Amino acid sequence: MRKIFVPDAATMPKTAEVVVIGGGIVGVATAFWLSRAGLDTVLIEMREGLSTLTTPLSIESFRAQMTEKAMADLVLPSIRMYENFADTVGIPGHDIALKHQGYLFVSDDVVNAERLKQAVAVHHGYGVAGSEFLAADDIRQRFPYISERMVCGTFHQNDGWLSSHEATQGFAKGSTAKFLLQTKVSGIDTDAEGICAVRTTRGSIATRQVVNAAGPFAQSIAAMVGVTLPIEAVRRQKVHVAPKPQIPRAAPLCIDVGQETYWRPEHGGALMAWVDPDEPVTANPVEDVPTDWDFAAVLLDKITALSPFWAGVAETLSSSDLTTTAGYYMYTPDDQPLIGPVPEVKGLHLNCGYWAGVMLSPEAGRRVARLLTGEMQPTDNPLRLSRFAEGLVSTGDSFLRGRH
Ligand SMILES: Cc1cc2nc3c(=O)[nH]c(=O)nc-3n(C[C@H](O)[C@H](O)[C@H](O)COP(=O)(O)OP(=O)(O)OC[C@H]3O[C@@H](n4cnc5c(N)ncnc54)[C@H](O)[C@@H]3O)c2cc1C
């Protein structure tokens, strides 16, 4: 029997030990680990395919350069899983096109040198030995396409990017979960013992455990059982630039810390974005996120301050060379995700609130499974929802979040 399918009356599961809501990379990685733990797992996705909402809109990059302990604890094992992905999912030869081309953070303000040095020291403390501080001369020598205005930076060669689509598909194919497409969750029922069923547009599934991995719609899922999540959606736009000979193919992901702009090569072209700190919070997220008609032009102008060759490229571009797309970053009060059980509603678990869900999802999914099976205690999970009420929040200094 197929495991990724559009159910009908005959194939719609009637029961499950656990239901995962959301078929982006976060939900699918969660379903993978839950099924690996031996649980009868059903994932519900309202769209026509897995990995079709926020996940494919990302620039698919990962970095070990994190300064928050809780984020490092998620991303470092996640990167190891990505590096050994075929073994992780048990599918020989499954290729996620992983590239270790590095992340380069640079700043034009010498005042940032101390902050960047401290970030590198924190990375080293987490075992990320290859993270380096770069002075102006190092940047010039090693990355000649970076503006001479940039006076300090950090670099980690082992950071990089991958195909989030292939990773999502690998998690799905490697799992024994069922993945229901074109099936929308419309309600969650509870009884005296907690959650008892998930209602969908194709019928109900009796279950005692639900994982909310609904990405930008996680709040509306939580609201079905009266829970308010401290998550805000902020639109983030990205531009794909068609192949041009001036774009260095071997470049890392290059980030201007001051402006929060970045670009990286992609098949002879490039992906670029601006994490605009003035972008407002969206009260009602939508599936088709609108883009600004002038975003690509504004971004090309800004990105020239990071890499001047973009001014020359811009002169050669026609509108058909540029594709702008938009999705959401989901922010929590400490900009770290919400993971694990919600004590107020027995059976409800969270895996949401991401602005970097591609790079964090492998370990986050495993953690949800460990918490749900009792292998990990909620108090050992610093990303539990109750951390805010408990006053256990610690913010870090990871760049590129678009919030200060
Ligand atoms: C421009 C941009 C660049 C980014 N770059 C990176 C990057 O380089 N690295 C990185 O790690 N992250 C990056 N991100 C963030 C990353 O894309 C997200 O954090 C990640 O994709 C979130 O995955 P998800 O599975 O939680 O959400 P989604 O992919 O949105 O999946 C959620 C799913 O839930 C489904 N769903 C919702 N409600 C229901 C319902 N009622 N019933 C059934 N299904 C439902 C939706 O249809 C959707 O498929 C970027 C994001 C953007 C916008």
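Modeller: Let's settle one word before we start: a residue is buried if 20 or more other C-beta atoms lie within 10 Å of its own, exposed if 12 or fewer, and partly exposed in between, with the C-beta atoms placed from the backbone. Strands here are DSSP runs of E with at least two residues, helices are runs of H or I with at least four, and both are numbered from the N terminus.

Two bits of housekeeping. Residue numbers start from 1 along each chain, following the sequence as written. Keep in mind that this is a predicted model: local features need pLDDT of at least 70, side-chain atom pairs count only at pLDDT 80 or more, and totals for chains, interfaces and linings use all residues.

My pick is strand S7, residues 152–156. Five of its five residues are buried, so S7 is largely enclosed by the rest of the structure. Look along the strand and you'll see Cys152, Thr154 and His156 pointing one way, with Gly153 and Phe155 pointing the other.

Now for the neighbours. Two strands pair if DSSP finds at least two bridges between them. Strand S5, residues 103–107, runs antiparallel to S7 and is joined to it by five bridges. In that pairing, tyrosine 103 stands opposite histidine 156. Strand S6, residues 132–135, also pairs with S7 in the antiparallel sense, over four bridges. Here leucine 134 has glycine 153 of S7 as its bridge partner.

Proline 144 has 11 C-beta neighbours inside 10 Å, so it counts as exposed. Proline 144 and serine 307 are 163 residues apart along the chain, but their C-alpha atoms are separated by 9.0 Å.

Stepping back, the protein chain has 11 helices and 21 strands. Its radius of gyration (taken over C-alpha atoms) is 21 Å, close to the 22 Å that the globule rule gives for 404 residues, so it is as compact as a globular protein of that length. That rule is 2.2 Å times the number of residues to the power 0.38. Of the 404 residues, 49% count as buried.

Next, contacts: two residues are in contact if their C-beta atoms, placed from the backbone, lie within 7 Å. Among contacts between residues at least 6 apart in sequence, 74% join residues at least 24 apart.

The domain assignment, with bounds from an automatic or database source, gives domain 1 (4–58 + 165–231 + 334–390) and domain 2 (99–159 + 232–329). The C-alpha centres of domain 1 and domain 2 lie 31 Å apart. Seven residues from domain 1 and 10 residues from domain 2 make the contact.
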